[in-house]
Amino acid sequence: MPRNSAHPRVEPLRDDERLIEDLGFDSLAVAETVFFFEDLFKVTIKNADILALHTVGELCDFVARRLREQRPSA
Amino acid sequence: MNAAPPAARRPVVTGLGFITPIGNDRASVAAALREGRHGLAPVEFFANPALPVKLVGTVKDFDVSSTSCRDWTWPARYDIPRETLRGLAPHGVFAFCAVEQALAEAGLAASDVANLPDTGLFCASAGSARQLHFNLGQMDAARGERGNPMGVVSSICGTLNFNLGAHFHINGAVCGFVSACASSSHALGYACDEIRLGRLRRVIVVGAEEHNAETILPFAAMRALSAQSEPALASCPFDAARNGFVGAGGAVALIIEAADLAQERGAPILAEVAGWGQSADGHSMAMSHPEGAGLRLAMQRALADAGVVPAEIDYVNAHATSTPVGDRAEALALRAVFTEAGAHPRVSSTKGLTGHPLSMAGAMEAAFCTLALAEGFIPGNVHLRTPDQVCEGLDLPRETLPVAPSLVLNNSSGFGGSNVCHVLRRWAE
């Protein structure tokens, strides 16, 4: 488990990195990230959806998909 | 006189951390107390010049005004990891830094308090009205469909104990106290009892509060705040012209340990908490008993618990906030306990310099009392010009005296009539 993140990493995240096992997220951190997207894009993300998101790539794909559903013309 | 309890059951102060309107470290605070320098600053809440509130006791060198923790800044000597920062209320940043400072002053590393069943943490604040308001506003705007997962832990009363207990890995006991302006005095008293009962060996005591509009301005609606813009006219406890208090914020932390533990590790012992007592007025949800009956009982209980008589007290740090009703009640209580017993301790309220930091007051003033004992001075009533007649018989020095007290009494009173008093004694090896 990575140590505390007082100094944020500068390398970009890779799609295959797992939120919990590789990036050290706990369940609260996952919820925080989800809320960040919810608040930014004004979407609602259900608990059941969150359980299916394990990697950075899956999270990004999910948000992109939700945005397309909400704004089909975009 | 009772025989002194064994060293293992005597609570002593080994470290202090200050994030206050009069300084962010022990040396600055002591200098401000000695020299009579206040920390009150002009304020214009809501950018509204029509408001009667013109002054607040502010913390300098921190910016926690944003509702997003990502924007907060604090002095570089403190390292707050992201995992901890995300759950903190704005005053949690003050408290985190105060605890780090107090641990360093006590010669303790974070690993010395972590994962130990004999170490506790007792905290007091009113929570963050600002964060609560903001988070509920987000929830309202989304019709309940979204909310910040950190919303609860970063805003409700208890936010300090939730976050600091987790960050510092406290295993012995973690608890919060909610008695308004007596809160952190309760925290200190019960912390000492844990040591006296042999249940814990070390307790970190923290009091903190915010000084933003959401925390301070509601007191204007109670007509409790001074409308003066001149600090000396606004915060002048015991003065005949006093007209309300000046709100303030920050954080203070005290490290309390069993004396034998402190001695074993060669820790600096700043003072002993010789005893404490409490009572309640049972009179009004917001105003003191007019004759100070409850505070009188609390003082008497504290003295009895410490095994001392009124004549032995050299100095009383009064709660007195500069309100007409509260200061009067305390003056009467002090006269009943001391003057009528032929005792004339010096009495002062340091809120002339700091303003009234609400939940933080008790811990802050216990820390000031500790400094007075350790460094040998008695703080004066710096903004006092003409004492109210009700203070007749009380010795109210205007300036700080270079006199070393041996026994001091610290008073706090809060909403609902909670009164809590501590007796602190100079530590002599």
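Guide: Let us begin with B:Arg199, which counts as exposed because its relative accessibility is 53%. The cut-offs are these: with a 1.4 Å probe and protein chains only, buried means under 20% relative accessible area, exposed means over 50%, and partly exposed is in between. Please keep in mind that this is a predicted model, in which local features need pLDDT of at least 70, side-chain atom pairs count only at pLDDT 80 or more, and totals for chains, interfaces and linings use all residues, while side-chain values use heavy atoms, with hydrogens and water left out. Residues are numbered from 1 along each chain as its sequence is written, and chains are lettered from A and ligands numbered from 1 in the order in which they are written.

Visitor: With which residue does the side chain of B:Arg199 meet in a salt bridge?

Guide: The general idea is that side chains of opposite charge can pair when their charged atoms come close. The rule used here asks for a side-chain nitrogen of Lys or Arg within 4 Å of a carboxyl oxygen of Asp or Glu. The partner of B:Arg199 is B:Glu194, at 3.0 Å from N to O, and B:Glu194 is buried, with a relative accessible area of 14%. Over all chains, a search of the whole structure finds 24 salt bridges.

Visitor: Which parts of chain B does the pair of B:Arg242 and B:Asp327 tie together?

Guide: Their closest N and O atoms are 3.5 Å apart, and the two residues form a salt bridge. B:Arg242 lies in the loop between α9 and β7 of chain B, and B:Asp327 lies in helix α12, so the pair ties together parts that are 85 residues apart in sequence. Helices (H or I, at least four residues) and strands (E, at least two) are DSSP runs, numbered from the N terminus. Both B:Arg242 and B:Asp327 are buried. A further salt bridge joins B:Arg346 to B:Asp395, with 3.3 Å between the closest N and O atoms. Because B:Arg346 belongs to strand β10 and B:Asp395 to the loop between α14 and β11, this pair ties together parts 49 residues apart in sequence. B:Arg346 is partly exposed at 27% relative accessibility, and B:Asp395 is partly exposed at 30%.

Visitor: How do I read a strand, and how many residues of β1(B) are buried?

Guide: In a regular strand the side chains alternate between the two faces of the sheet. In β1(B), residues 11-19, nine of the nine residues are buried. Two strands are said to pair if DSSP finds at least two bridges between them. By that rule β1(B) pairs with β7(B) in the antiparallel sense over eight bridges, and B:Val13 stands opposite B:Ile256 there. β1(B) also runs antiparallel to β8(B), to which two bridges join it, with B:Val12 opposite B:Glu272.

Visitor: And for a helix, which residues of α5 in chain B are buried?

Guide: In α5(B), residues 159-167, the buried residues are B:Thr159, B:Leu160, B:Asn161, B:Asn163, B:Leu164 and B:Gly165. Contact here means heavy atoms within 4.5 Å, and what covers these buried residues includes α2, α3, β4, β5 and β6 of chain B. Take B:Asn161, which has 11% relative accessibility: leaving aside residues up to four places away in sequence, B:Asn161 touches B:Leu121, B:Cys123, B:Ala166, B:Val174, B:Cys175 and B:Gly176. After α5(B) comes B:His169, whose phi is positive, near 55°.

Visitor: How many residues does the contact take from chain B and from chain A?

Guide: There are 13 from chain B and 15 from chain A. Buried area is the accessible area (1.4 Å probe) that two parts lose on being put together, summed over both. The two chains bury about 1200 Å² between them, 52% of it on carbon and sulfur atoms. In chain B, the residues that lose the most area to chain A are B:Arg86, B:Arg146 and B:Pro149, together 44% of what that side buries. Three salt bridges are counted between the chains, and a network of salt bridges links A:Asp26, A:Glu32, B:Arg82 and B:Arg86.
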